[in-house]
Amino acid sequence: GELWRRGKARERASAAMRLSYKFSNLCGTVYSQGNLLFTPDGGTLLSPVGNRITAMDLEASKSATYPFEARGNLQCLALSPDGAMLVAVDEDGHALLVNNKRAVVLNHFHFKAKVSSVMFSPDGLRIAVAAGRQVQIWQAPGLGREYAPFVLHRTLAGHFDEVLSIDWAADSQTLVSGS
């Protein structure tokens, strides 16, 4: 009887350990595409690894992989100037809006085009997206609950080929794009 009870207790403890794990790192996958980002304090490097994001703490020499995954391989990342919001876009134009401090997905969005670059304005109020031969400017979502966090502000057209890069001026009033 005593041996049976010890065996059952061990099984329950083992089952609890199997179910209460926390995903922390991704092994066996390497960086293949997408841009790298430093957090505003410069202490962490964010990297797309397949359909996940890995954060490398450069000061503590540790890395952790965010617990969510995108639909496809991540193509580009954008971090808000304060480091609180992260936009991650895969190769098919599906985007994830992420609370970067908590590594939690807040919203899913589809840009309906292949996205080659995405960038927050320096003031954090807008997001520029290079989608095909157009540049779309979106109002940047906040951390609070919003019914539609992505609201299109303006679409800029006129490129003869796919837009490959975008960048904001320091005053957030001018945007340059290249195709």
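Because the model is predicted, local features need pLDDT of at least 70 and side-chain atom pairs count only at pLDDT 80 or more, while totals for chains, interfaces and linings use all residues. Residues are numbered from 1 along each chain as its sequence is written, and side-chain values use heavy atoms, with hydrogens and water left out.

The sheet makes a friendly starting point. Strands here are DSSP runs (E, at least two residues), numbered from the N terminus, and two of them pair if DSSP finds at least two bridges between them. An open sheet is built from 4 strands in the order β1-β2-β3-β4, with antiparallel pairing. β1 (37-38) and β4 (62-65) stand at the edges with a single partner strand each, so one side of each has no neighbour in the sheet. The antiparallel pairing of β1 with strand β2 (residues 44-49) runs over 2 bridges. Within β2, Leu 45 is the residue that stands opposite Phe 38.

Aromatic rings come next. Rings of Phe, Tyr and Trp (its six-membered ring) pair if their centres lie within 6.5 Å; planes under 30 degrees apart count as stacked, over 60 as edge-to-face and the rest as tilted. By this rule there are 7 aromatic pairs. In one of them, the rings of Phe 109 and Phe 150 have centres 4.7 Å apart and planes at 25°, so this pair is stacked. Phe 109 belongs to strand β8 (residues 104-110) and Phe 150 to the loop between β11 (134-139) and β12 (151-156), so to speak distant parts of the chain, 41 residues apart. Phe 150 also pairs edge-to-face with Phe 111, at 6.0 Å centre to centre and 80° between the planes. Since Phe 111 lies in the loop between β8 and β9 (115-120) and Phe 150 in the loop between β11 and β12, this pair ties together parts that are 39 residues apart in sequence. Both Phe 111 and Phe 150 are buried, a word that means under 20% relative accessible area, with exposed meaning over 50% and partly exposed in between (1.4 Å probe, protein chains only). For Phe 150 the value is 8%. Ring pairs join Phe 109, Phe 111, Trp 138 and Phe 150 into a cluster.

His 159 sits in the loop between β12 and β13 (165-168). With 17% relative accessibility, His 159 is buried. Its side chain makes a polar contact with that of Ser 177 at 2.8 Å; such a contact is a pair of N or O atoms within 3.5 Å, where, within protein, one must be able to donate a hydrogen and the other to accept it, and residues adjacent in sequence count only if both atoms are side-chain atoms. The whole structure holds 2 salt bridges, each a side-chain nitrogen of Lys or Arg within 4 Å of a carboxyl oxygen of Asp or Glu. Glu 69 bridges to Arg 52, with the closest N and O atoms 2.8 Å apart. Glu 69 is partly exposed at 45%, whereas Arg 52 is buried at 13%. Lys 114 forms a salt bridge with Glu 162 at 3.7 Å between the closest N and O atoms.
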